[in-house]
Amino acid sequence: MEIINLGQVDGLPPVDWAAVVPKLAAGSAPAPDAMNSRTTWLSTVNEDGSPHVTPVGALWLDDTFWFQTGAGTRKARNVARDPRCSIAVSIRDADVVIEGDSSRVTEPGAVARIAKAWAYNGWPAEPDDSRSGITAPFNAPSQGPPPWNVYRIEPRSAIVVLAAEPGGLTRFRF
């Protein structure tokens, strides 16, 4: 892993990636009195090259983000055409942006595992009859009807900004 301390000129230490990962895995939320909440934002590339940014229900599992969406959504069409994307989230004491390439996951074991993780976190997802997508009693109306496709983002880099002392701004290349 390459570590680039973007805050070095300001005398800030590099961020410790090993301290960030457990907070991502735990679904850590910002402090209760924080100005922002735990919304995860997915950015994809529209056909004309402009950005498309939308909130998603994403999970950090196995050192990567996973998200789901309906086949007809703009984000699904965008990543089918151009897999480059990023996920941004605020966690306890930090803001994190992961950049990488997304790919649709259809392997039944992986789909079942991420569905179980979503269910554990409060959204009762389960594999659909084909075992290559997921279903649940509810989802955001913008996702369209089930089944929904599951995607995994292969991280290429991350930027972490610490909001707690001593502060820090670091880029990680994986």
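## Aromatic cluster

Phe65 is buried, with a relative accessible area of 0% (buried means under 20% relative accessible area, exposed over 50%, and partly exposed in between, for a 1.4 Å probe and protein chains only). The model is predicted, so local features need pLDDT of at least 70 and side-chain atom pairs count only at pLDDT 80 or more, while totals for chains, interfaces and linings use all residues. Residues are numbered from 1 along each chain as its sequence is written, and side-chain values use heavy atoms, with hydrogens and water left out.

Phe65 belongs to one aromatic cluster together with Trp17, Trp60, Phe172 and Phe174. Over the whole structure, seven aromatic pairs are found (rings of Phe, Tyr and Trp, the last by its six-membered ring, pair if their centres lie within 6.5 Å; planes under 30 degrees apart count as stacked, over 60 as edge-to-face and the rest as tilted). One of these pairs is Trp17 with Trp60, edge-to-face at 6.4 Å centre to centre and 75° between the planes. Because Trp17 lies in helix α1 and Trp60 in strand β4, this pair ties together parts that are 43 residues apart in sequence (helices, H or I with at least four residues, and strands, E with at least two, are DSSP runs numbered from the N terminus). Trp17 is buried at 12% relative accessibility, and Trp60 is buried at 7%. The rings of Trp60 and Phe65 have centres 5.1 Å apart and planes at 75°, so this pair is edge-to-face.

## Salt bridges

Side chains of opposite charge can pair when their charged atoms come close. The structure has seven salt bridges (a side-chain nitrogen of Lys or Arg within 4 Å of a carboxyl oxygen of Asp or Glu). Asp93 and Lys23 form one of them, at 3.9 Å from N to O. Asp93 lies in the loop between β6 (84–91) and β7 (94–105) and Lys23 in helix α1 (residues 17–25), so the bridge ties together parts that are 70 residues apart in sequence. Both ends are partly exposed: Asp93 has a relative accessible area of 34% and Lys23 one of 29%.

A further bridge joins Asp62 and Arg113, with an N to O distance of 1.9 Å. This pair links distant parts of the chain, 51 residues apart: Asp62 is in the loop between β4 (59–61) and β5 (64–69), and Arg113 is in helix α3 (residues 108–120). Asp62 is partly exposed at 43% relative accessibility, and Arg113 is partly exposed at 40%. Arg171 and Glu99 also form a salt bridge, their closest N and O atoms being 3.6 Å apart. Because Arg171 lies in strand β11 (residues 168–173) and Glu99 in strand β7, the pair ties together parts that are 72 residues apart in sequence. Here Arg171 is buried at 18% relative accessibility, whereas Glu99 is partly exposed at 29%.

## A buried loop residue

Asn46 sits in the loop between β2 (40–45) and β3 (51–56). With a relative accessible area of 11%, Asn46 is buried. Leaving aside residues up to four places away in sequence, Asn46 touches Pro51, His52, Arg74, Asn78 and Arg81 (contact means heavy atoms within 4.5 Å).

## Pockets

The largest pocket has a volume of about 250 Å³. Pockets are found on a 1 Å grid over the protein atoms alone, as open sets of points where a 1.4 Å probe fits, with protein on both sides within 12 Å along at least five of seven lines; lining residues have an atom within 4 Å of a point. Grid points are joined across faces, edges and corners, and a volume is the space filled by probe spheres set on the points. The largest pocket is lined by 14 residues, and those nearest its centre are Gly57, Ala58, Leu59, Trp118 and Asn121. By class, its lining has five nonpolar, eight polar and one charged residue (Ala, Val, Leu, Ile, Met, Phe, Trp, Tyr, Cys and Pro count as nonpolar, Asp, Glu, Lys and Arg as charged, and the others, Gly among them, as polar).

The second largest pocket has a volume of about 160 Å³. Twelve residues line the second largest pocket, and Ala25, Leu59, Trp60, Leu61 and Asn121 are the closest to its centre. Helix α1, strand β4 and helix α3 each supply at least two residues of this lining, and β4 gives the most, with three. The lining of the second largest pocket divides into eight nonpolar, two polar and two charged residues.
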